[in-house]
Amino acid sequence: MRRQRKAKIVATLGPASADQKSIQALFEAGADVFRFNFSHGSHADHQQRYDIVRAVEQAVGRPIAILADLQGPKLRIGQFADGKIELQAGQEFTLDRDPAPGNNQRVCLPHAELFAVIAGGQSLLLDDGKVRLEVLSCDGQSIHTRVVNSGSLSDRKGVNVPDAVLPIPALTEKDKRDLKFALELGVDWIALSFVQRPEDVLEARALIGDRASILSKLEKPAALDQLDAIVQVSDAIMVARGDLGVELPPERVPGVQKRILRVCRQHGKPIVIATQMLESMITSPVPTRAETSDVASAIYDGADAVMLSAESASGAYPVPAVAMMDRIITEVERDPLYQNMLDAQHEAPLPTRGDAICSALRDVTRIIGAKATVTYTSSGYTSLRAARERPMAPILSITPKLATARRLALVWGVHSTISDQVHNESEMVTAACLTAVKEGFAKTGDQIAITAGMPFGQSGSTNLLRLAEIWPQ
């Protein structure tokens, strides 16, 4: 099944999309990647969904990527004696290390490591930013604050610290258990939450190795200070606008999203735009016009993928939400302005053989009107470099490795297929022509552009560009 669009759709699975009929319907509606949210559900739930996705993959004959999204550290206050309190703007309020139930003057903050990095003048955000506290002082045992805006506060609400790099590892003990399970399942991507520094990604890489690719979620302002370094050590990036929008002023989020997009394009790393994209479709069969424009803007900006969260996991209209996302992307990509915008955003190639070949590939496909850009790849490197160029012709990726084909399902413009390993250039051209016809990209008389690395099977060796004409079969 070939998609008639280049940007991809990530759909989160959950109670509203847990059975085979629902998951197959989501795929047929346009989902390319299925996200398993390890903040919810048991390992048994995820095992069942994994088996269903792989059964759907077998039935449709197209590689499907599975993304395991780890929860990450969650900072929360303790409990209150009465379960809930009311705070008034201007009053003082203390967070301390005393585990006793709180009241409207104080509450426990059971995260000892925070007391070493919080200082006067910083802010604390409680309950997704509904209550803002201005820090007056911190003595290592108590954080004394002034309430900035009135509001209610109940047990175990979340705490955000936007003004400090927190000395907390991105992987909690729960995350490590979930990671071990996800890798044993055979997921293709690991989404790493709470990334603040490149070291967070490298820590995960040491545990994951090459068993899965790493998608770093940017949801902390601290990550923006080392954005370039984080992008370089990650395999892909997610703009997690929900948490990012809590810790940043809302008016800054669009600009930050575009900045992250630019850096990812420079480095040729896939980028996913996530959170509240079609939020109203959790309860409504149609999105708001503002949501439609939001999704379209991400596509015009060159995002590799857009993601649905609760819309597909627990909403009332999971399949219509995916179908709507598919229609929005398709409509944008039909607009002549879309290719003009991609061309305007085009980044200069990096000084490598792979980038030189793929840059030439982009020009060649445009000049000769090639019907497909065929990439031979073992590791996925050649297809990723081709996608960085955003060529006009779709990218038909051929690989002997199923794991590589699945991971590339996240990448802009890539239609991934499995083929036997080729041994020479003649076999490569023949297989490329046959695959292009079989997958519906070309017919007799059409031209295709082929790129690969020689010797075949050697990662990162893109050094060959070949043109071919489809002859009668």
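Which residues touch the most other members of the largest nonpolar core? Before answering I noted that this is a predicted model, in which local features need pLDDT of at least 70, side-chain atom pairs count only at pLDDT 80 or more, and totals for chains, interfaces and linings use all residues. I also noted that residues are numbered from 1 along each chain as its sequence is written, and that side-chain values use heavy atoms, with hydrogens and water left out.

**Entry 1, the cores.** I took a nonpolar core as a set of buried Ala, Val, Leu, Ile, Met, Phe, Trp, Tyr and Cys residues joined through side-chain atoms within 4.5 Å, where buried means under 20% relative accessible area, exposed over 50% and partly exposed in between, with a 1.4 Å probe and protein chains only. The largest such core holds 77 residues, and those touching the most other members are F34, I190, I260, I273, V306 and M325. Helix α11 (residues 318–334) gives the most to this core, with eight residues; helices here are DSSP runs of H or I with at least four residues, strands are runs of E with at least two, and both are numbered from the N terminus. I then found a second, separate core of 26 residues, which includes L95, L109, L114 and V135. Going back to M325, and setting aside residues up to four places away in sequence, I found that it touches I9, M277, L278, V295, V306, M307 and L308, contact meaning heavy atoms within 4.5 Å.

At the start of α16, a side-chain oxygen of N424 comes to within 3.2 Å of the backbone nitrogen of S426, while after the helix comes G440, whose phi is positive, near 85 degrees.

I counted rings of Phe, Tyr and Trp (its six-membered ring) as paired if their centres lie within 6.5 Å, with planes under 30 degrees apart called stacked, over 60 edge-to-face and the rest tilted. The count is two aromatic pairs. F38 and F181 are edge-to-face, at 6.5 Å centre to centre and 65 degrees between the planes. F38 is in the loop between β2 (33–37) and α2 (43–60) and F181 in helix α3 (residues 173–185), so this pair ties together parts 143 residues apart in sequence. F38 is buried at 1% relative accessibility, and F181 is buried at 15%. The rings of Y300 and Y338 have centres 6.4 Å apart and planes at 65 degrees, so this pair is edge-to-face.

Leaving aside neighbours within four places in sequence, I found S216 in contact with L192, V195, V201, I230, S234, A236, I237 and M238.

Definitions and conventions. Polar contact = N/O pair within 3.5 Å; in protein donor to acceptor, adjacent residues only side chain to side chain.
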